[in-house]
Amino acid sequence: MGVKTMMTVFHKELDALRAEGLYRRMQLVEGCQGSRILLDGHDTLLLCSNNYLGLASHPLLKEASIKAVERYGTGSGAARLVSGNMELHDELERRIAAFKGTEAAVLFNSGYAANTGIIPALVGRGDVIFSDRLNHASIVDGALLSRARLVRYPHNDMRALRKLLSEMVTDGRRLMVTDGVFSMDGDIASLEELVALKEEFGALLMVDDAHGTGVLGQTGRGSAELCGAMAGIDIHMGTLGKGLGGFGAYAAASREMIDYLVNRARSFIFSTSLPPAVAATAIPALDLVDSPEGGALRQKLAHNANLFRTALAAASFDIMGSTTQIVPVFVGEAKEVMEFSRQLLAEGIFVQGIRPPTVPKGSCRLRCTIMATHALSDLEHDAAVMQAAANRLGIIGQDRRGSP
Ligand SMILES: Cc1ncc(COP(=O)(O)O)c(C=O)c1O
């Protein structure tokens, strides 16, 4: 097929996406990421950011970043195993290990890079991965890259997982992997039960706490702290770009496991390391999580999220079992959810519609994310505007969901 023919095929595929309501485009945010933003030039309530604690524009993080640029420059110049291992990477890894209560930690350039690096390092042909059906795409991609057998168990269904673990006998390794907080559903994995199963069946357990880190648990250690399961997890993966307000990701585990990942995880080995100023921002972010200010932000976030979930449920929205700051609103079809999102934007509220392939067909939803920095009055106003828009569109009610 020549280039011209290929371009025609791409063009047709884009047209097909548009026809199905699945076409995506980026919207321009001006200035800092806050609870209100300038979107395409208009003052807008931001209801789809993972900047849960508002740290992305915190003065202490900005200051750390600026100082790091002045002292260390802008780039690391190489991968960690070449010459890109700088003081701030080392310091941050020690801080993350202490934060998670593990022997060691290693940084990755993003959550996506972490999952597509860690999983193929741990398992390969002849091994089996047990992965929750609603795990993030980066876990699925990591599993596919690994060439291990991928067994996807029904969402959070521990009985089904137990059955699969007892049926899938292998001489190879077994890896159980789950989101801590499910990114599109806002519910939490049954971590205590997963720990019990991993012990019973001799599997490794990896938890991706992208959305729990800094946010959940009494001291912000994440979903594992909330579930009392910190010690039972073999690989704690988390990100620095959501609750912690910066960018990047980590694995925290035993010294030997981290040593193994450093030697085997290809996304770590073959990629230029994080710019020092990026690593620098995570250090005051971890300090803040441990400070009274961090505790107050977590409390405010939980309060805001609780109020918002209650208001939506009272308005007969289906919030899909969310118990966290991620609050989905079930809609159904792609075109419906995009029209809903468009109408909210016309009223100054920015919340993205989530469509396939991010979620299964027929289960499109608005994914509302709450921040500690949201004003209660903004959230109350938003719930009322959402109810009015949904009534206009005829898409309200808790019985819309079949079994996707
Ligand atoms: C559960 C989960 N894991 C991993 C990632 C990827 O993290 P990052 O954005 O740092 O690549 C995300 C991002 O949304 C996520 O929700």
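So, His211: one of its polar side-chain atoms lies 2.6 Å from an oxygen atom of the ligand, and I'm calling that a polar contact, a pair of N or O atoms within 3.5 Å. Lys242 puts a polar side-chain atom 2.9 Å from a ligand oxygen. With Gly111 it's a backbone N or O atom, 2.7 Å from an oxygen of the ligand. The protein covers 82% of the 390 Å² of accessible area that the ligand has on its own, by the Shrake-Rupley method with a 1.4 Å probe.

Quick caveat: this is a predicted model, where local features need pLDDT of at least 70 and side-chain atom pairs 80 or more, while totals for chains, interfaces and linings use all residues. Residues are numbered from 1 along each chain as its sequence is written, and side-chain values use heavy atoms, leaving out hydrogens and water.

Okay, who else is around the ligand? There are 13 residues, with a heavy atom within 4 Å counting as near, and Asp208 and Tyr112 are among those that come nearest. Helix 4, residues 111-122, gives the most to that shell, three residues; helices here are DSSP runs of H or I, at least four residues.

And where does the ligand sit? In the largest pocket, meaning more than half of its atoms lie within 2 Å of the pocket's grid points. On a 1 Å grid over the protein atoms alone, a pocket is an open set of points where a 1.4 Å probe fits, with protein on both sides within 12 Å along at least five of seven lines; lining residues have an atom within 4 Å of a point. This one is lined by 46 residues, with Cys48 and Arg367 among those nearest its centre. Helix 13 gives the most to that lining, four residues.

Conventions: Polar contact = N/O pair within 3.5 Å; in protein donor to acceptor, adjacent residues only side chain to side chain. Helix = DSSP H or I, 4+ residues; strand = E, 2+ residues; numbered from the N terminus.
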